[in-house]
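Here is a short tour of one protein chain. Take a moment to look at the picture before reading on.

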Amino acid sequence: MKSNTANIITIDGTSSSGKSTISKLLAEKLNYSLLDSGKLYRAAGYINSQNKDASNDINNLINLISKISLQVDEESFEFEIYYHNKKIDHLLYSEDVGKFASVVSKIPEVRKCMLTLQHSCVKEPGLIANGRDMGSEVFPNASLKIYITASIEIRARRRFNELNEKGENVDYENIYESLKKRDDSDMRRKISPLKVPDNAEIIDTSYLKPDAIVDKILNLYTIT
């Protein structure tokens, strides 16, 4: 395994393809820190939703975002998000916050702020960076780049089952259409569109179990 101080594995890919699960398992296996970049944008969306004036004033929004800080949880290895020194992870997963996150993520000044935060996460012994532009934009010189995908039917079924288990009343067809729109939006957006990073290893998770995917990535990491 590598021994330098800038070990970075990026995990990019489509929605509900398994990025989060794979990233967490890898972080545990390697004792690397874990950055979920989507959570950062949800934090910006949450801050935006709590401050009505922020949406109309970029400088105000950037000032508010500058109050975000990150700390690694020693058990999960994941960077947790703090705002004004208070942990806010548990506030970031509502549908409304997701909509605000989608809006602010398209603002160049916001992405510039996030880039600084993301780069600050690189620490020994290494980092697993999960998102949609980690290997293409944020960490283009990563030690290993992975692009994870799966058929839209399987991704929709996974999302449907996940929400069902949480007790939510959901419709498979609505989830399917939502994922189609999300894919199209991610790939067509002008700023940091979702794409396969240069030199990335593409893994289709449609019919693979998480442990098998992790073993495959660890094997790739050992020989790169």
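The report below looks at confidence, then at one strand and its partner, then at the cysteines.

The chain has an average pLDDT of 89, and 94% of the residues reach at least 70. Strand β4 (residues 79–83) has the highest confidence, at 97, while helix α4 (residues 95–104) has the lowest, with a mean of 82.

Where pLDDT is low, the predicted coordinates should not be read in detail.

Now find strand β2, which covers residues 33–36. S33 and L35 point one way, L34 and D36 point the other way, and all are buried. In a regular strand, side chains alternate between the two faces of the sheet.

Strand β2 pairs with strand β6 (residues 126–131) in the parallel sense, over 4 bridges. Within this pairing, L34 stands opposite I128 in β6.

## The cysteines

How many disulfides does the count come to? The count is 0. A disulfide needs two cysteine sulfur atoms within 2.5 Å. The closest cysteine sulfur to that of C113 is in C121, 14 Å away, so it is too far for a bond. C121 is itself buried, with a relative accessible area of 1%.

Conventions
Residues numbered from 1 in each chain as written. Predicted model: local features only at pLDDT ≥ 70, side-chain atom pairs only at ≥ 80, totals over all residues. Heavy atoms only, no water. Buried < 20%, exposed > 50% of the residue type's maximum accessible area, 1.4 Å probe, protein only. Helix = DSSP H or I, 4+ residues; strand = E, 2+ residues; numbered from the N terminus. Pairing = 2+ DSSP bridges. pLDDT = per-residue confidence, 0-100.
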